Amino acid sequence: MVKLSIEHLSKRYWFEREDREVLAVNDVSLAVEDGEFLAIVGPSGCGKTTLLNIVAGLLPYEEGTVSIDGKRVDGPGVDRAVVFQHSSLLPWRTIAGNVRYGMEMQRRFDEATMRERADHFVKMVGLNGFEKHFPNELSGGMQQRVNLARALAADPKVLLMDEPFAALDAQTREFMQSELLKIWSQDRKTVLFITHQINEAVYLADRVAVMSARPGRLKGVFKIPFGRPRTLSLKRDPQFLEIEDSIWQLIEEESQKLNMVLAEK
Amino acid sequence: MSKKKKSGRPHQSFYAKHEAVILGSLSIVIIIGIWQACWSAGMISPLFFSSPSAIVKQFRYTLVEGTLLADMKYSGTNFAIGFVLAVITGVIAGVLIGWYRRLRLFCDPFLNAFYATPRIAMVPLIIIWFGIGIWSKVFIVFLSAFFPILVNTVGGVRALDRDLLRAAKAYCASDWQIFKTLAIPGSVPFILTGIRQGVALGLIGMVVGEMVGSSQGVGFMVAYGGQTFNTDTLFVGMIVIAFSGILLTWLAERLERRFSRWRPER
């Protein structure tokens with residue numbers, strides 16, 4: 001069953017400085033199945049964050065359709081939750097208060113349920129004992145766990161993740177990837193995961209969609225054949241490296257084309 | 001913070017632990033000592049200057065037999081009423097002006113003009129309006145403290161973090177929720193900075209108001225001491241004002257720190 005459906009989506013921006021129109025997303029069609037983990041990978045400026053913002057309902061769109069369970073996306077909704085690249089935690093709220101924040105804004109649960117769920121998800125991301133701390137007392141990796149717990153606690157149908165580990169150091173990032181898979185495997189929500197790291201996408205996702213830059217077009221979708229649970233050692237598997245390589249080639253090809261076009265100009 | 005230092009360096013000497021206090025007190029003692037010595041040696045004319053011993057004597061005299069307590073009460077009342085009014089109206093007006101863009105654009109020219117003009121320049125006008133009773137002084141304190149509080153509050157409400165705003169919107173927050181959960185808590189440190197600046201400016205307003213149009217209060221005491229060449233009284237008034245300033249600023253700073261625990265730089 002298709003959960004999230006994107007059909008012929010295009011997004012144009014008016015680029016003030018150069019006084020011209022830029023096509024950020026060009027005719028993208030993509031269907032994410034219920035319970036599927038789909039990653040979108042592409043170089044910076046390929047429109048993948050624009051795409052996520054549209055799905056999140058934070059950006060209006062005119063051409064094409066985005067729908068969840070057949071319902072057209074028209075602004076933010078309780079069926080989605082976003083894990084942001086910058087943890088975007090309220091600095092004056094404790095960890096427990098931050099995990100509650102999404103639920104509070106959405107007003108779907110009563111007080112007792114909110115407390116219970118906040119408690120549950122703080123534990124799930126491994127932060128029990130830190131409930132009364134403030135975000136500035138936590139490391140970057142821990143802040144991103146809070147960010148994730150806040151999204152999960154809101155009980156979305158689709159979880160949107162916007163390069164959530166991009167700002168972390170390499171070691172923490174690997175650790176967070178395997179943590180995410182562990183947490184995700186507990187209730188298998190539909191996930192749309194944006195990243196510029198190919199091996200992160202291949203390691204996490206059921207399918208990897210590759211986007212190219214300017215205009216942001218969908219270049220291809222790779223099905224990742226590995227079963228679950230996956231361990232970090234998978235990243236050294238020859239088949240893993242092969243997939244990583246073919247995605248890399250697709251992106252490389254594209255950027256070379258772009259360089260040629262630029263050189264001609 | 002102090003806890004960490006103690007546990008980190010358990011064998012500090014008494015001096016190392018209290019270095020700031022010891023050196024600070026030492027400088028005060030030395031300066032006062034030199035001052036008193038010069039006085040006793042007859043190097044200072046009593047017409048132009050006073051001495052520590054004379055100030056202490058005069059202080060005790062005005063306190064017990066003079067009007068110092070009544071003056072302090074008078075000035076304190078002026079300041080308290082004006083300042084509390086300034087905090088209440090400044091914060092409310094600041095939140096509204098910061099939140100509603102149109103209201104801000106509407107008030108901007110007026111605010112800029114007021115903020116840039118030293119409010120002291122309005123003292124004669126205020127005395128014409130309110131007479132030389134308590135309300136002219138209250139209004140001068142109010143006007144002096146109001147603008148820093150207002151301007152800082154407006155800045156705090158406007159300094160909404162874009163990332164936080166985006167997160168709140170993604171979770172379907174209403175305008176009222178954004179106001180309540182982001183704009184208000186985010187502006188608290190700004191408001192407290194405004195209050196700290198308001199304390200300093202309000203005190204100036206209080207003193208000037210009493211100097212120009214009053215027959216009571218610590219400001220009047222200083223002015224009167226000057227007019228009658230009574231330097232001892234003048235110094236007592238100055239010292240009372242200085243200590244009030246130090247005390248109130250210290251309180252405001254503590255309040256500021258108390259409410260900014262979540263701030264990373266502290």
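Tutor: Val208(A) touches Ala39(A), Val41(A), Ala201(A), Val202(A), Gly220(A), Val221(A), Phe222(A), Ile224(A) and Ile247(A), leaving aside residues up to four places away in sequence, where a contact means heavy atoms within 4.5 Å. This is a predicted model, in which local features need pLDDT of at least 70 and side-chain atom pairs count only at pLDDT 80 or more, while totals for chains, interfaces and linings use all residues. Residues are numbered from 1 along each chain as its sequence is written, chains are lettered from A and ligands numbered from 1 in the order in which they are written, and side-chain values use heavy atoms, with hydrogens and water left out.

Val208(A) belongs to the largest nonpolar core, which has 64 residues, and together with Leu148(A), Leu159(A), Phe193(A) and Ile247(A) it touches the most other members. Such a core is a set of buried Ala, Val, Leu, Ile, Met, Phe, Trp, Tyr and Cys residues joined through side-chain atoms within 4.5 Å; buried means under 20% relative accessible area, exposed means over 50%, and partly exposed lies in between, with a 1.4 Å probe and protein chains only. Helix H4 of chain A, residues 140-153, supplies the largest share of this core, 6 residues; helices (H or I, at least four residues) and strands (E, at least two) are DSSP runs, numbered from the N terminus. In soluble globular proteins, nonpolar side chains tend to be buried together. A second, separate core of 44 residues includes Phe79(B), Val141(B), Phe147(B) and Val157(B).

H2(A), residues 95-106, is mostly covered, with 11 of its 12 residues buried, among them Ile95(A), Arg100(A) and Glu104(A). Just after this helix, Arg107(A) takes a positive phi of about 50 degrees.

Turning to the two chains, 20 residues of chain B are in contact with 27 residues of chain A. About 2,100 Å² is buried between them, 65% of it from carbon and sulfur atoms, where buried area is the accessible area (1.4 Å probe) that two parts lose on being put together, summed over both. Arg166(B), Tyr171(B) and Trp262(B) supply 38% of the area that chain B buries against chain A, more than any other three residues.
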